[in-house]
Amino acid sequence: MSAKNTAFRFLNSPWSQPLAGGALTLIPGAKYPAWLRQTMTWGSAAAVTALVAVPGVGSAALKQASGRETVETVALSPSGRLGYAAAAGVFTYGLWRFGWWADKASEDALRRMRVPYPRVVLGAAVGALYYVTDDRDQAEEDA
């Protein structure tokens, strides 16, 4: 086995995303610098908007992500594509804002319930959720 394959083998493990997600959940979202939160929120919204707005870019990204040669494309008028792009961008922005709020609200709720180490509990819950959902995806692919 080459050094390249050995170095990145962990990334293909079903434990990579749960461990990374659980570890990142240990850091409260409110502790992130404001510029980083804004960049993550607005940057994601802009990227999704661009992927939907520019003809062919989304299809190329889907081809690369899925590993398939052909991905079905939908022909849209420029105004229709712009409408879908704006809706996707607004939805992405809203999801990020909801995520920041839910992070603080869930930690506050655990603190009110007097749960010791609420961030550790949240990290374990996120890691378990990532593992279960990844496991389901693997089972669907194997079937």
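Student: Why is valine 120 called partly exposed?

Tutor: Its relative accessible area is 48%. Buried means under 20%, exposed means over 50%, and partly exposed lies in between, with a 1.4 Å probe and protein chains only as cover. Valine 120 therefore counts as partly exposed. This is a predicted model, where local features need pLDDT of at least 70, side-chain atom pairs count only at pLDDT 80 or more, and totals for chains, interfaces and linings use all residues. Residues are numbered from 1 along each chain as its sequence is written, and side-chain values use heavy atoms, with hydrogens and water left out.

Student: What makes arginine 114 exposed?

Tutor: Its relative accessible area is 73%. The cut-off for exposed is over 50%, so arginine 114 is exposed. Arginine 114 sits in the loop between α5 and α6. Its phi is near 60 degrees, a positive value in a residue other than glycine.

Student: Why is tyrosine 117 called exposed?

Tutor: Tyrosine 117 has a relative accessible area of 65%, so it passes the cut-off of over 50%. Tyrosine 117 is also in the loop between α5 and α6. Its phi is near 55 degrees, again positive in a residue other than glycine.

Student: Which residues make the nonpolar surface patch?

Tutor: Leu24, Leu26, Ile27, Tyr117 and Val120 make it, over about 520 Å². Patch residues need over 30% relative accessible area and no salt bridge; nonpolar side chains (Val, Leu, Ile, Met, Phe, Trp, Tyr) are joined within 5 Å, like charges within 9 Å. A salt bridge is a side-chain nitrogen of Lys or Arg within 4 Å of a carboxyl oxygen of Asp or Glu. Areas come from the Shrake-Rupley method with a 1.4 Å probe.

Student: How many helices and strands are in the protein chain?

Tutor: Six helices and zero strands. Helices are DSSP runs of H or I with at least four residues; strands are E runs of at least two. Valine 120 lies in helix α6. Buried residues make up 18% of the 143 residues.

Student: Which helices each supply at least two residues of the lining of the largest pocket?

Tutor: α2 (16-25), α5 (78-112) and α6 (118-142) do. The lining has 19 residues, with Gly21, Leu24, Thr25, Asp103 and Tyr130 nearest the centre. About 450 Å³ of space lies in this pocket. On a 1 Å grid over the protein atoms alone, a pocket is an open set of points for a 1.4 Å probe, with protein on both sides within 12 Å along at least five of seven lines; lining residues have an atom within 4 Å of a point.

Notes: Grid points are joined across faces, edges and corners, and a volume is the space filled by probe spheres set on the points.
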